[in-house]
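Here are my notes on this one, point by point. Have the structure open while you read.

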Amino acid sequence: MSPATPEHGAPTTAPQYWDKYRPQRQRPSAQRFDWTGLADDGPGEEVLGGPKTALDLGPAEGENAAFLARAGVEVTAVDFSAVQVERARSFWSDLPNLEFVHADALDFLDSDGRLFEAIYSTWGAVWFTDPDELFPRIAKKLGAGGVFAFSHREPSPDQYGPQRMGGAWLEGREDELIVLRWQHPPEQWSDLLKRHGFAAVRTRVIPSPERGALGTLLITAKG
Ligand SMILES: C[S@@+](CC[C@H](N)C(=O)[O-])C[C@H]1O[C@@H](n2cnc3c(N)ncnc32)[C@H](O)[C@@H]1O
């Protein structure tokens, strides 16, 4: 039997998978800081406690990072998708205090020497990276009393730990690409954060405006 021909343009790595995310978008408006990805009146940038410096892990097109930069925050935004970084740079080249770095979040945290007053991730790298690898690195990069905050889809009660993602490019392929996301219920995230030295952990679910749909889990902690 001959080997299956790889699907044309199919991603073979996680960064390539994310290269395909939200193709052909216009520059977003960046009118508000958005934890949910939905038009809601939920919490905004105040969750971050008014930092002067912030690190965005997994910004994609960088709308939240741009909102903060416009408000005067010095923002560094790290994404491992070359396509997302190139697009974000083209969208926001008018903001001198916003830097997009093309790197894996873990590698960046290991190699960059700066401390940040806030580190956040909206449905971003924190959702897609083993927290036992990521959290100790984030703890080292937060200045004293700094805020770590992240959001992702509200997990179903039976979801715990790394879950294989489904959907386009990931299902029904001969040459498998596996992309994981870490789904924990709020209590479990809270335990994990405390185990890695974070304090003042707060978890909340922002309900979806769509009836019956899962909401967004938003978690904050202090370094
Ligand atoms: C679902 S998108 C979220 C984008 C954006 N934060 C938002 O709120 O719309 C996930 C992003 O995280 C990035 N990402 C995932 N894992 C990453 C990692 N280990 N290091 C850096 N970026 C990562 C992906 O490339 C992608 O751009």
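1. A definition to begin with: two residues are in contact if their C-beta atoms, placed from the backbone, lie within 7 Å. Among the protein's contacts between residues at least 6 apart in sequence, 65% join residues at least 24 apart.

2. Some housekeeping. The model is predicted, and local features need pLDDT of at least 70, side-chain atom pairs count only at pLDDT 80 or more, while totals for chains, interfaces and linings use all residues. Residues are numbered from 1 along each chain as its sequence is written.

3. On overall size, the 223 residues would give a compact globule a radius of gyration near 17 Å, and the protein agrees with its 17 Å (taken over C-alpha atoms; the rule is 2.2 Å times the number of residues to the power 0.38). The C-alpha trace spans about 60 × 45 × 40 Å along its principal axes.

4. The ligand has 19 residues around it, with Trp18, Gly58, Ala60, Ala105 and Ala125 the closest (near means a C-beta atom, placed from the backbone, within 6 Å).

5. Ala30 has 20 C-beta neighbours inside 10 Å, so Ala30 counts as buried; Trp123 counts as partly exposed because it has 19. The cut-offs, for C-beta atoms placed from the backbone: 20 or more others within 10 Å is buried, 12 or fewer is exposed, and in between is partly exposed. Buried residues make up 38% of the 223.
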